[in-house]
Amino acid sequence: MNHDITTDGIYRGTGQVPPLCACSRGMRRDTAYPQCDDSKAGRGTGCQDFQPRPEEYHPTRIGEKIIRQAQIVLNETQCIKEVVADETDSMNGNLRIGILPTIAPYLVPDFIHHFRKTYPHVSLFIDEKENKSLLQELHYGNLDIILTTPPEDLNGLLEIPVYTEKFVAYFSEACDQAKSCIANGTLPPEQMWILKEGHCVPNGGMNFCKNKDIGNHIYEAGSIETLIKIVDRNGGYTIIPELHIASLTEKQKAHVLPLQANPPAQRHVSILIKEDFIRERMVNAVIDTLKSIIPAPMLEKRLSSHSIRLRHSKSE
């Protein structure tokens with residue numbers, strides 16, 4: 001198989017099998033279409049890229065690796081034009097951002113508004129995914145930047161701390177016992193409702209996901225909104241991020257208490273990029289937009305006075 005950028009472009013990012021003349025995915029081998037010589041598949045790589053099966057072609061284990069590498073090459077090729085655009089007076093090109101679902105509701109609506117207004121020629125794409133998927137898509141080159149709680153092992157990624165957010169307790173109006181316990185610095189586990197991944201905080205002092213005996217696991221909610229409604233209806237309490245307080249009604253805000261924990265109950269949110277990412281102006285454009293949204297006391301102090309440098313000038 002001749003692996004070149006033009007032909008490989010048809011299966012960018014999906015692992016789809018490229019057509020090997022007439023023998024493409026889903027085509028029966030006994031069809032009236034012209035037939036392929038199976039021995040020619042993989043000639044350009046020295047291995048068999050696709051495994052013939054009774055009904056269709058599937059990538060072999062080696063073929064899957066080739067498809068994945070072709071995806072990376074295609075993404076890097078696209079970046080060449082975007083790097084040039086990044087250095088022009090009028091910034092343009094594509095920007096693909098990934099973000100945690102438990103962060104997105106507080107940042108994405110305002111981010112889209114401010115970013116598009118300031119950088120109208122940049123084609124913006126934002127995708128919500130859980131942390132594992134975000135990291136995978138960043139490594140594969142399907143995302144340029146992710147906004148998430150950083151993992152313990154960065155594994156070839158560059159971290160830019162953006163802000164630190166405290167967690168607070170939200171309790172039911174009828175849950176006097178939980179209110180009293182929370183005020184005294186203890187969390188009664190049997191009355192706590194759990195958020196699926198949002199309560200997993202790497203390096204945090206309160207990582208409830210590590211202990212399945214903590215909390216009410218009847219229903220592990222996927223959103224803070226659902227969690228609050230469960231508490232309002234069924235009693236008990238939950239843990240919510242500080243930025244969510246602004247979304248509560250005045251009555252609900254009266255049901256919020258700070259958490260007395262040591263170390264503090266908080267999450268660190270960072271931008272993660274690949275170490276070889278060089279679109280410096282684009283990174284700073286994202287950070288400047290975030291600075292206009294996130295309350296100043298939460299922001300990383302260094303961001304208020306310094307721009308991000310991804311590479312050194314020749315004089316340095």
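Visitor: How far apart are the closest N and O atoms of the salt bridge that E173 forms with K251?
Guide: A salt bridge here is a side-chain nitrogen of Lys or Arg within 4 Å of a carboxyl oxygen of Asp or Glu. E173 and K251 form such a pair, and both residues are exposed (over 50% relative accessible area; buried is under 20%, partly exposed in between; 1.4 Å probe, protein chains only). Between their closest N and O atoms the separation is 4.0 Å.

Visitor: Which pLDDT must be reached before side-chain atom pairs count?
Guide: Residues are numbered from 1 along each chain as its sequence is written, and side-chain values use heavy atoms, with hydrogens and water left out. The model is predicted, so totals for chains, interfaces and linings use all residues, local features need pLDDT of at least 70, and side-chain atom pairs count only at pLDDT 80 or more.

Visitor: The structure holds eight salt bridges. How many residues apart are the partners E173 and K251?
Guide: E173 lies in the loop between β6 (157-171) and α5 (176-183), while K251 belongs to helix α7 (residues 250-253). Helices (H or I, at least four residues) and strands (E, at least two) are DSSP runs, numbered from the N terminus. The pair links distant parts of the chain, its partners being separated by 78 residues.

Visitor: Which helix holds both D288 and K291?
Guide: The side chains of D288 and K291 meet in a salt bridge, 3.9 Å from N to O. D288 is partly exposed at a relative accessible area of 41%, and K291 is partly exposed at 29%. Three residues, about one turn of the helix, separate them, and the helix that holds both is α8.

Visitor: Why is α8 described as largely enclosed by the rest of the structure?
Guide: Its twelve residues reach 17 Å from the first C-alpha to the last, close to the 16 Å expected at 1.5 Å a residue; the expected span is 1.5 Å times one less than the number of residues. Among the buried residues of α8 are E280, M282, V283, N284 and L290. Helix α8 is largely enclosed because the number of its twelve residues that are buried is nine.

Visitor: How far is D288 from F115 in space, C-alpha to C-alpha?
Guide: F115 is one of the buried residues of α3, whereas D288 lies in helix α8. In sequence D288 and F115 are 173 residues apart, yet their C-alpha separation in space is 9.1 Å.

Visitor: At which residue does α3 bend?
Guide: Helix α3 (residues 104-118) has 15 residues and should span 21 Å at 1.5 Å a residue, which agrees with the 20 Å between its end C-alpha atoms. The bend at a residue is the angle between axes fitted to the seven residues ending there and the seven starting there. For α3 this angle is about 30°, and the residue is F111.

Visitor: Which helix or strand gives the most to the lining of the largest cavity?
Guide: A cavity is a set of points on a 1 Å grid over the protein atoms alone where a 1.4 Å probe fits but cannot get out, and lining residues have an atom within 4 Å of a point. At least two lining residues come from each of β3 (93-99), α3, β5 (145-148) and α8 (280-291). Among the lining residues are I97, L107, V108, F111, I145 and V286. The element giving the most, with three residues, is α3.

Visitor: How much space lies in the largest cavity?
Guide: There are four cavities of 30 Å³ or more, their grid points being joined across faces, edges and corners, and a volume being the space filled by probe spheres set on the points. The lining of the largest has eleven nonpolar residues, no polar and no charged (Ala, Val, Leu, Ile, Met, Phe, Trp, Tyr, Cys and Pro count as nonpolar; Asp, Glu, Lys and Arg as charged; the others, Gly among them, as polar). The space in the largest cavity is about 80 Å³.

Visitor: What is the phi of N155?
Guide: N155 lies in the loop between β5 and β6 and is exposed, with a relative accessible area of 52%. Most residues other than glycine have a negative phi. N155 is not a glycine, yet its phi is positive, at about 50°.

Notes:
1 Å grid on protein atoms, 1.4 Å probe; cavity = no way out; pocket = protein on both sides within 12 Å on 5 of 7 lines; lining within 4 Å.
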